[in-house]
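Visitor: I am new to this structure. Could you walk me through it?

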Amino acid sequence: MRYNSSGFFEEHISLLGFGGRCLPRNPDGSIDRKTTSELFNTAFDGGITYFYCSYYLSDIETETVFGENLSKRNRDDYFIASGLSPLDFHSGAEAEKFLDKQLRRFHTGYFDYYVVENFNPDSYKRAVEIGLRAVLRRAMELGKIRRIGFSFTGNNRDWRKLTHGINWDFAELSANYLDWESKNIIFLYHELIKE
């Protein structure tokens with residue numbers, strides 16, 4: 001396994017992560033817990049240290065299954081990332097309750113990385129309206145979150161407007177190997193590595 005060697009964070013994060021978006025399902029639609037447990041074991045045995053599961057991209061059962069599997073491991077042996085979309089909430093108090101429920105489902109005590117999902121002009125506006133940044137900073141002060149970031153889905157014009165003056169800990173680009181031909185993704189990638 002190859003690990004992050006950028007020196008940006010001190011963590012020993014695997015470059016390959018384990019995500020919760022497409023866990024194996026039973027015919028009734030529920031998660032196949034036996035096969036999923038085997039996948040977690042294979043991931044750990046293969047040296048994967050980064051696990052990502054967001055309600056925005058999955059569901060409550062997926063978060064619960066992640067918690068069941070991660071709680072069997074030493075908390076110092078992995079990094080867990082999750083997040084929320086501001087558009088799902090009408091108040092900061094709602095977002096805070098949601099975060100606390102996530103922590104209970106994951107059984108991990110804290111999130112290493114917490115992502116403001118689907119970051120674009122609409123979600124930015126809602127985040128400001130509900131005071132999400134203050135909610136997440138308070139969660140950080142209480143030890144519920146170690147780092148706060150965002151998953152950007154806007155365009156080049158949105159980038160500077162939405163990220164200017166906000167001191168994020170990290171950012172994620174919503175891209176896969178096909179997206180590397182997109183001028184927008186290339187622009188955003190170069191903007192991130194400049195920081």
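Guide: Accessible areas here come from the Shrake-Rupley method with a 1.4 Å probe. The model is a predicted one. With that in place, ask away.

Visitor: What does the accessible surface of the protein come to, and what share of it belongs to carbon and sulfur atoms?

Guide: The accessible surface comes to about 10700 Å². The share belonging to carbon and sulfur atoms is 52%.

Visitor: How many helices and strands are there, and what pattern do they follow?

Guide: The protein has 7 helices and 6 strands. Read along the sequence, they give the pattern β-α-β-α-β-α-β-α-α-β-α-β-α.

Visitor: What percentage of the residues is buried?

Guide: Buried means under 20% relative accessible area. The protein has 195 residues. Of these, the buried part is 44%.

Visitor: Among contacts between residues at least 6 apart in sequence, what share joins residues at least 24 apart?

Guide: A contact needs heavy atoms within 4.5 Å. Among those between residues at least 6 apart, the share joining residues at least 24 apart is 69%.

Visitor: How far does helix α3 reach from its first C-alpha to its last?

Guide: Helix α3 covers residues 92-106, which makes 15 residues. At 1.5 Å a residue, 21 Å is expected. The span of α3 is close to that, at 21 Å.

Visitor: Which residues of α3 are buried, and where do they sit around the axis?

Guide: The buried ones are G92, A95, F98, L99, Q102, L103, R105 and F106. They cover an arc of only 160 degrees around the axis, so they sit on the same side of α3.

Visitor: Which residues are exposed on the other side of α3?

Guide: Exposed means over 50% relative accessible area. On the other side of α3, the exposed residues are K97 and R104.

Visitor: What covers the buried residues of α3?

Guide: The cover includes both helices and strands. Among the helices are α2 (60-70), α4 (121-130) and α5 (132-141). The strands include β3 (79-84), β4 (111-119) and β5 (145-152).

Visitor: Which side chain does S82 join in a polar contact?

Guide: S82 lies in strand β3. It is buried, because its relative accessibility is 0%. At 3.1 Å, its side chain makes a polar contact with that of Q102.

Visitor: How many disulfides does a search of the whole structure find?

Guide: A disulfide is a covalent bond between the sulfur atoms of two cysteines. C22 is exposed, at 72% relative accessible area. C53 is buried, at 1%. The number of disulfides found in the whole structure is 0.

Methods: Residues are numbered from 1 along each chain as its sequence is written. This is a predicted model: local features need pLDDT of at least 70, side-chain atom pairs count only at pLDDT 80 or more; totals for chains, interfaces and linings use all residues. Side-chain values use heavy atoms; hydrogens and water are left out. Helices (H or I, at least four residues) and strands (E, at least two) are DSSP runs, numbered from the N terminus. The expected span of a helix is 1.5 Å times one less than its number of residues. Buried means under 20% relative accessible area, exposed over 50%, partly exposed in between (1.4 Å probe, protein chains only). The arc is that of the directions from the helix axis to the C-beta atoms. A polar contact is a pair of N or O atoms within 3.5 Å; within protein, one must be able to donate a hydrogen and the other to accept it, and residues adjacent in sequence count only if both atoms are side-chain atoms. A disulfide is a pair of cysteine sulfur atoms within 2.5 Å.
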